[in-house]
Amino acid sequence: MKKGIIFDMDGTLWDSAEEVVTSWNQSVKAAGYDRAPITASDMQSVMGKTMDKLADILFPMFSEEERYALLDRCGKDENEYLRQHGGRLYPDIRTTMETLKKKYHLYIVSNCQSGYIEAFLDYYKFHDLIEDIECYGNNKKTKGENISLLYRRNELDDAVYVGDIEGDYISSKEAGVKFIHAAYGFGKIDEPVPEIKTFAELINVADQVLG
């Protein structure tokens, strides 16, 4: 029986808000726009949203054409910045994944732009741990649709999505997979669900959820 663990990115594997803010503020300035500096709290408030919604929230003062063009530039610059600088990786990610990989297949699904997950994998050299990835930037599909797509593509028999915000839980239900809340991340879940307070706890909780 092929079982998978599918990870969210921001608030689950790392917190890249400070690095993304640095990169985006540089990109906005280089593009010649006058906007108050984006803050880490600004960025954390939109983490997990699809890129189109992110642009609408952070750049409402610009025309639709301008904000989506700026979003595209920020995303490309961000990927390169993160590939060189990384973000704040949560503790015990590699050692925990190495243990999990002995029993489960590991994947990532995010609402990010194309190249963001790859930048993460490149910087931390995690390509040996993650078998497949999918994101909003590749196909403009929702997170729930992409979890389902990855599930089918990899011919899984059972899977759990690990995420930190309510939207992740909703997406897991849409995809018909189980869910574990990364309670150390950015959000809370209103309903009672299995949770981990540190990433290392996933070793035991995944066994309980996936059996």
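1. Packing of helix H6. The buried residues of H6 (residues 116–124) pack against strand E2 (14–15), helix H4 (64–85), strand E3 (88–89), helix H5 (93–100), E4 and E5. They are Tyr 116, Ile 117, Ala 119, Phe 120, Leu 121 and Tyr 124. Buried means under 20% relative accessible area with a 1.4 Å probe, protein chains only. Helices (H or I, at least four residues) and strands (E, at least two) are DSSP runs, numbered from the N terminus. Just after H6, Lys 125 takes a positive phi of about 55°.

2. Basis. This is a predicted model, where local features need pLDDT of at least 70 and side-chain atom pairs count only at pLDDT 80 or more, while totals for chains, interfaces and linings use all residues. Residues are numbered from 1 along each chain as its sequence is written, and side-chain values use heavy atoms, leaving out hydrogens and water.

3. Strands E4 and E5. E4 (residues 105–110) pairs with E5 in the parallel sense over four bridges; pairing takes at least two DSSP bridges. Tyr 107 has Asp 132 in E5 as its bridge partner. In E5 (residues 132–135), Asp 132 and Glu 134 point one way, Ile 133 and Cys 135 the other, and all are buried.

4. Cores. The largest nonpolar core has 56 residues; Ile 5, Phe 7, Trp 24, Met 43, Ile 108 and Leu 202 touch the most other members. H6 gives the most to this core, with six residues. Apart from it lies another core of 14 residues, including Ile 6, Tyr 107, Tyr 161 and Phe 179. A nonpolar core joins buried Ala, Val, Leu, Ile, Met, Phe, Trp, Tyr and Cys residues through side-chain atoms within 4.5 Å.

Note on methods:
Buried < 20%, exposed > 50% of the residue type's maximum accessible area, 1.4 Å probe, protein only. Right-handed = clockwise from strand over helix to strand, strands pointing away. Contact = heavy atoms within 4.5 Å.
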